[in-house]
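Subject: Structure handover

Hello,

Here is the structure I said I would pass on.

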Amino acid sequence: MTGLDAHLVVQRPDGFVLDVEFAIASGETVALLGPNGAGKSTAVEALAGITSVDRGRITLGGRQLDSPSTNVFVPPEQRRIGVVFQDYLLFEHLSVLDNVMFGPVSLGQRRAEAQARAQALLERLEIQDLADRKPPQLSGGQAQRVALARALATEPDLLLLDEALAALDVATRGTLRRVLAHHLADFGGPRLLITHDPTDAFLLADRIVIIENGQLTQVGSPEDIRRRPATPYVAALAGTNLLAGTNHGGLLTLQHRAQGLQTADTTVEGSVLITIHPTAIALHREQPSGSPRNTWQTTVATVEPLGDTTRITLADPIPLGVDITPGATAALDLRQGSAVWASVKATEIAVTPAALGPRTNPPDEVGG
Amino acid sequence: MTSRRIRQRAPWQLLVLGAIGAAVFVLPLIGLATRTPWSRLGELVTSDVVVDALRLSLITSLLAAAISLVLGVPLAWVLARVDFPGRSVVRAIVTLPMVLPPVVGGAALLFALGRRGVVGEPLNDATGFLLPFSIGGVVIANVFVAMPFLVVTVEAALRNLDGRHEAAAATLGASRLTVFRRITLPMIGPSVRAGLVLAWARALGEFGATVTFAGNLQGRTQTLPLAVFVALEQDRDTAVAISLVLVAVSLAVLLLLRDRWWSTGGDT
């Protein structure tokens, strides 16, 4: 096999335990997505060989890199993993060209060859003009490209990007995400994107691995994750409302909520997670006709413009996030404290078994 | 930085105490200047005793600084990065010469490397080589008192260094030694240079260990500080002249290096 096969079990001195298992095929981009403190940095350190795993294994391109059971530990300098670090960690005393040449020269390549390769990479990333600059003279976006060029220069077996966009401001992020997507596609090996930003994961990855509190909670394509979030964290990421409750033949009883709901999905019985997409909820000034079970009166808690949609959050009985157009917001004259009617079609209320994933306590509801 | 500066008024208490503090250093220089026989100065500083001592002082202090650099940086690295039993004891012993009276250090060197010393005797028997009362003895005495300054400075820098750059270099395929040479050393460069200047300055002013271990032979082991001490007994004017030479050399080096080498901020 040519990809990455990893089962990382790391017990940190502070008692935190990381235990995740995933594989990445060549040419595939996987995003390891999780909130801060989920264990992403520990995973990066274990993969790069900065720490060792306590149990499990790391196999890359058929080569064992770390395997406590067979007493194998390959040090970082022999792993052939190209890492783009969170704040790039460029060598400030070296020029951009020397930074990119550092890997090939360290691996024993002759300087002339290393320089030719570095220059070719700089051209490919369209930063050849920066060759003589020192890292402190670079913008965030330029530094990111230099870091990518430096990682690619060693022709690694795995490309590992650790929060590669996190250090950039919002305005440059969008552009650089597209640039990054383009260059990721050029790299033929397995690609692992470590991020806390769902936008990076959804736009760049073929597959998303979610970790929370050191544990893997969901794996799937961006579309799977968006449609069927397994935990409140994932639901919040995807902008979806996630509620916990029980399903009895389509009649949903919500945890800690007096108001019930009706779903068209009767295949999943018992303890369930309920997802409602924010665009699936309709708001009205007058009581609408339709199933009274999925229609209730409430008040507007917040109104927040989000570009071409407006995010409304509703107060009790069910706190939900609702996305509607600014036009509709104006037509309904919605503002904080407005009394409104909310309605959802039974077909728009999706349910998944609450037992999915290792999470044992069914979560409370989460607004989008 | 070219940002606008807003001058804040300094508290007078700090100014007064600071001025008294500065006076501690300025007054002796004034005293030295008032006793200087300016008309005979040229003749005095070109006398054999002074020229010999100046040459010897420069050679031995620079050699000692160089040896401190070559041995002290690796020692600092080991103390900062290698976790071995008894590390704190080794660190204490390495820094001991900073607090120990140099005369005691010189005596200890004599017991170790002298004609009857634990290392000195077999060395002398085997090679006929004798360190005390030779220029080599002066250098060793200087290294003994000066190297701790470099080790302490460099070790502190290594401890404060963000190790992630070194980890990044390792992921790029660099061996440990390459990482040290191409990443670690350049990153702690300012501290290494500061430690080097401190070590050199300490070696230049070294007296006690040198006189105990290497003796006081003009042209062979009599450095400038030793020459001053001898001259104070016999010829006050020469003592003052040598002192001025020491002040001039030290001040010149410190001023020259300050900008480029060991200022850490944007100071002038």
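Predicted model: local features only at pLDDT ≥ 70, side-chain atom pairs only at ≥ 80, totals over all residues.

In chain A, helix α2 (residues 96-106) packs against helix α4 (residues 140-152) at an angle of about 30 degrees, and their axes are 7 Å apart. α2(A) and α4(A) are therefore roughly parallel to each other. Their crossing is right-handed. On the α2(A) side the residues are A:V96, A:N99, A:V100, A:F102 and A:G103, which meet A:V146, A:A149 and A:R150 of α4(A). By class, this contact has 5 nonpolar, 2 polar and 1 charged residues.

Chain B has a helix pair to look at as well. The axes of helix α3 (residues 48-81) and helix α7 (residues 135-160) of chain B come within 6 Å and cross at roughly 40 degrees, which makes α3(B) oblique to α7(B). The crossing of α3(B) and α7(B) is right-handed. The residues in the contact of α3(B) with α7(B) divide into 22 nonpolar, 5 polar and 3 charged.

Now to the two chains together. Between them, 16 residues of chain A are in contact with 15 residues of chain B. On the side of chain B that touches chain A, α8 (164-171) and α9 (176-187) each supply at least two residues. The largest share of that side, 7 residues, comes from α8(B). That side of chain B divides by class into 9 nonpolar, 5 polar and 1 charged residues.

Regards

Technical notes:
Residues numbered from 1 in each chain as written. Chains lettered and ligands numbered in written order. Axes fitted to C-alpha atoms, helices over the stretch in contact; angles between N-to-C directions. Helix = DSSP H or I, 4+ residues; strand = E, 2+ residues; numbered from the N terminus. Parallel < 35°, antiparallel > 145°, perpendicular 65-115°, else oblique. Left-handed = near helix turned anticlockwise from the far one by under 90°. Nonpolar A, V, L, I, M, F, W, Y, C, P; charged D, E, K, R; others polar. Contact = placed C-beta atoms within 7 Å.
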